[in-house]
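Welcome! Take a moment to look over the sequence and the model, and then we will walk through them together.

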Amino acid sequence: RSQWARLPLTEELREALLETPNVRSHGGIRRHIQFLGKIMGQLSEEEALAIKKTFIDIVGPKKAARLKI
């Protein structure tokens, strides 16, 4: 959870991401991914780049490259 706090996420996006493990059904997962995409689409380019940079700092550049981030 401390690593989640490091990410510069909006409150809505943070809550949606924390809810992800509770989504179980195939249709629910699909809808949840669409919902996350909708929230992320509302972010400015600067916000998205800040999240990406912080995520790479957390996981490391090698793993980030393997994840194609």
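## Getting started

Two residues are in contact when they have heavy atoms within 4.5 Å. This is a predicted model, in which local features need pLDDT of at least 70 and side-chain atom pairs count only at pLDDT 80 or more, while totals for chains, interfaces and linings use all residues. Residues are numbered from 1 along each chain as its sequence is written, and side-chain values use heavy atoms, leaving out hydrogens and water.

## The overall fold

The protein chain has five helices and zero strands, where helices (H or I, at least four residues) and strands (E, at least two) are DSSP runs numbered from the N terminus. Its C-alpha trace spans about 35 × 25 × 25 Å along the principal axes.

Of the contacts between residues at least 6 apart in sequence, 44% join residues at least 24 apart.

## Inside the protein

Of the 69 residues in the protein chain, 22% are buried, meaning under 20% relative accessible area with a 1.4 Å probe, protein chains only. The largest nonpolar core has nine residues: Leu7, Leu9, Leu13, Ala16, Leu36, Ile39, Leu43, Ile51 and Ile58. Helix H2 (11–19), helix H3 (26–41) and helix H4 (45–59) each give two or more residues to this core. Such a core is a set of buried Ala, Val, Leu, Ile, Met, Phe, Trp, Tyr and Cys residues joined through side-chain atoms within 4.5 Å.

Which residues does Leu13 contact, leaving aside its neighbours within four places in sequence? They are Leu36, Ile39, Met40, Leu43 and Ile51.

Methods:
Buried < 20%, exposed > 50% of the residue type's maximum accessible area, 1.4 Å probe, protein only.
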